[in-house]
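Visitor: Could you take me on a close look at the aromatic rings of this model and what surrounds them? I would like one connected account.

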Amino acid sequence: MDQAKEAVSRRQSSGESFEDILIDMDVDEVEVYGAKAELEGVSFLDLNDDVQVDAEASSLLPEDLQERYAAVPIFQDGDKLTVSMANPKDVFAVDELRMKTGLDIVPVLIPPSQHQALLEGTWGVHSNGTSPDSEEEDDENDPIAQMLADLDPNRAPKEEKKRNFNPFASKETTIEAAVIPGEAEEAEAEIDKEYQDADEAPIIRIVNTILMYAIRDGASDIHVEPQRKGVRIRYRIDGVLHEQMKVPQYVLNPLISRIKIMADMNIAERRVPQDGRIHIKMQEKEYDMRVNTCPTAFGEKVVMRILDKSSVMIGLDKLGLYPETQTQLLDICHQPNGCFMICGPTGSGKTTTLYSVLNVVNSVEKNVMTVEDPVEYQLAGLSQVHVNRKAGLTFANALRAFLRQDPDVIMVGEIRDLETAEIAVQAALTGHLVLSTIHTNDAPSTATRLGDMGVEPFLISASLVGALAQRLSRRICSNCKAPYQPQRELVLRFGFDPLTHPEVQFYKGMGCERCRQTGYKGRLGCYELMRINEELAELIVRRSPLSELKEAARSNGMQTLQEDGFRKCKDGFTNVEEVMRVVFTGGH
């Protein structure tokens with residue numbers, strides 16, 4: 001009775017709804033809205049009461065109507081569709097939903113916290129895809145679920161909310177000797193104190209765990225993508241994106257703020273893209289992460305590129321080069337002067353190959369200088385310059401300065417314009433070895449691309465010593481590798497007829513836990529190395545068509561990307577479908 005009087009008094013003074021007042025007075029939400037439904041004569045559901053929510057039912061109702069009427073389908077039973085609505089007595093809304101779906105609409109009232117979770121698409125969804133029935137059991141083993149429970153404003157105690165949402169609790173940007181939860185039995189190591197600390201803000205632990213999982217799975221990029229319902233987190237593993245988890249919408253802002261703090265970015269600026277960098281140490285290995293934020297319709301999207309310093313130190317012999325190709329590449333790298341280009345699209349491994357070449361030529365006797373945008377990997381013994389266009393430091397300006405720094409080897413991150421190309425060519429002609437990348441589909445196109453930029457053909461002919469085109473294909477998982485027979489039509493595109501060569505065996509991965517059921521684990525390169533000889537140099541001077549350059553290069557021993565990739569199929573490193581995916585591009 002006293003509670004009722006207090007509620008009436010607060011209602012008169014504050015104007016709040018009776019429901020909000022009662023819940024604030026610690027009356028159970030289910031009881032409050034159950035009583036409201038009974039008073040208003042509408043159906044009531046408690047989703048925790050063994051109600052099976054059908055995720056596919058949501059597709060029956062257009063998203064614009066779901067937003068307009070705050071209505072979410074729960075399940076379908078024959079020609080009846082049960083829908084959670086903020087106002088189940090809105091007959092006009094019910095009528096429009098019936099017309100749109102062609103089904104009888106059964107409007108129900110459910111507790112607001114459950115209704116909001118349905119709207120955001122987070123009801124019953126955890127990082128491992130489990131349902132609420134197994135929530136308590138799974139939360140003991142799922143660190144993400146525990147942290148999300150701590151962050152949930154509907155579940156966390158009121159006095160804890162401020163602390164839980166505080167992304168400033170720690171500005172440390174290293175995760176020292178961290179161990180992935182769930183692997184403790186194998187690692188036999190203590191979980192890092194920062195991760196273990198009960199006073200640590202949950203959002204900090206969530207970000208740390210996202211980074212840990214990405215490094216554990218060998219991801220090259222982490223995508224944090226806000227959507228209409230929830231936030232999707234994806235990892236790019238072996239060149240392909242995989243969805244790792246979904247988190248509720250309320251996690252987005254503290255999550256982005258924490259990442260920005262780690263990357264030393266402006267957390268107050270959300271209207272324009274920003275760039276930053278995070279340095280972390282995990283299990284005695286150092287990683288740099290290049291961070292970019294970009295405003296989207298549903299919030300800021302963050303992409304983090306993971307740069308593993310050890311990956312560029314692996315050496316040329318680990319890149320997938322055949323011995324004869326590697327020998328030819330080393331011959332070019334030890335030229336006293338000339339211009340050597342590595343070409344291919346974004347994400348084809350050009351930078352890794354370039355740094356592997358730099359490791360070969362780098363020595364105490366040589367002055368090696370690089371200009372990059374940005375400096376991705378920091379290597380000992382190299383003088384590395386970061387492009388800063390705002391300050392006027394461009395590729396071309398840096399190259400001009402290099403020529404007065406007594407260099408032996410110059411690496412240019414990318415040839416993008418005529419000015420940079422001309423200075424690089426001049427440097428190659430004046431006794432320096434110039435290494436760079438350029439965006440072309442194959443090796444012979446390098447000469448024509450430089451010509452299209454405006455470099456004189458006789459300068460290209462005199463300076464270019466070689467070009468290496470490459471692509472990255474996924475490697476077959478060695479744990480589930482098995483023989484298979486690819487479609488004959490696919491193999492014929494490589495100029496090979498399996499009917500006339502039945503002895504050739506092809507392989508593919510069948511999918512296992514080690515490769516995440518993909519059949520692939522790791523990547524290797526497909527290469528096309530063109531060395532310049534007198535015939536090619538003469539063709540370049542005469543501006544000969546690309547077809548003639550290709551024919552001359554093949555006569556000089558060049559294997560095309562298709563030939564090198566198919567050879568790796570026959571040797572059991574990858575499969576035909578994967579090579580086709582990466583080499584038959586751009587009309588080739």
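**The aromatic pairs and their surroundings**

Guide: A search of the whole structure turns up five aromatic pairs, a pair being two rings of Phe, Tyr or Trp (its six-membered ring) with centres within 6.5 Å, called stacked if the planes are under 30 degrees apart, edge-to-face if over 60 and tilted for the rest. One of them joins Phe494 and Phe566, a stacked pair with 4.9 Å from centre to centre and 20° between the planes. Phe494 sits in the loop between helix H20 (488-492) and strand E18 (506-509), while Phe566 belongs to helix H23 (residues 561-570), so the pair ties together parts that are 72 residues apart in sequence. Helices (H or I, at least four residues) and strands (E, at least two) are DSSP runs here, numbered from the N terminus.

Before we go on, a word on the source: this is a predicted model, in which local features need pLDDT of at least 70 and side-chain atom pairs count only at pLDDT 80 or more, while totals for chains, interfaces and linings use all residues. Residues are numbered from 1 along each chain as its sequence is written, and side-chain values use heavy atoms, with hydrogens and water left out.

Another pair, Phe496 with Phe506, is edge-to-face, with 6.3 Å between centres and 80° between planes. Phe496 lies in the loop between H20 and E18 and Phe506 in strand E18, ten residues apart, and the pair is described as linking distant parts of the chain. Both Phe496 and Phe506 are buried. Ring pairs gather Phe494, Phe496, Phe506, Phe566 and Phe584 into a cluster.

Leaving aside neighbours within four places in sequence, Phe506 is in contact (heavy atoms within 4.5 Å) with Ala482, Pro483, Tyr484, Pro486, Val491, Phe496, Phe566, Cys569, Lys570 and Val576.

Cys569, one of the contacts of Phe506, deserves a stop of its own. Cys569 is buried, with a relative accessible area of 0%. The closest cysteine sulfur to that of Cys569 is in Cys526, at 7.6 Å, too far for a bond. The structure holds zero disulfides, a disulfide being a pair of cysteine sulfur atoms within 2.5 Å.

Charged side chains come next. The structure has 23 salt bridges, each a side-chain nitrogen of Lys or Arg within 4 Å of a carboxyl oxygen of Asp or Glu. One of them brings together Asp497 and Arg488, at 3.0 Å from N to O; Arg488 is partly exposed, with a relative accessible area of 36%. Another joins Glu578 and Arg474, whose closest N and O atoms are 3.2 Å apart. Here Glu578 belongs to helix H24 (residues 576-583) and Arg474 to strand E16 (residues 464-476), so to speak a link between distant parts of the chain, 104 residues apart. Both Glu578 and Arg474 are buried.

A further salt bridge pairs the side chains of Glu225 and Arg234, 2.7 Å from N to O. Glu225 counts as buried at 6% relative accessibility, and Arg234 does as well, at 18%. Through shared partners, salt bridges join Glu225, Arg232, Arg234 and Lys301 into one network.

His242 is buried, with a relative accessible area of 18%. Setting aside neighbours within four places in sequence, His242 is in contact with Ile233, Arg234, Tyr235, Ile237, Arg516 and Thr518.

Notes
Buried < 20%, exposed > 50% of the residue type's maximum accessible area, 1.4 Å probe, protein only.
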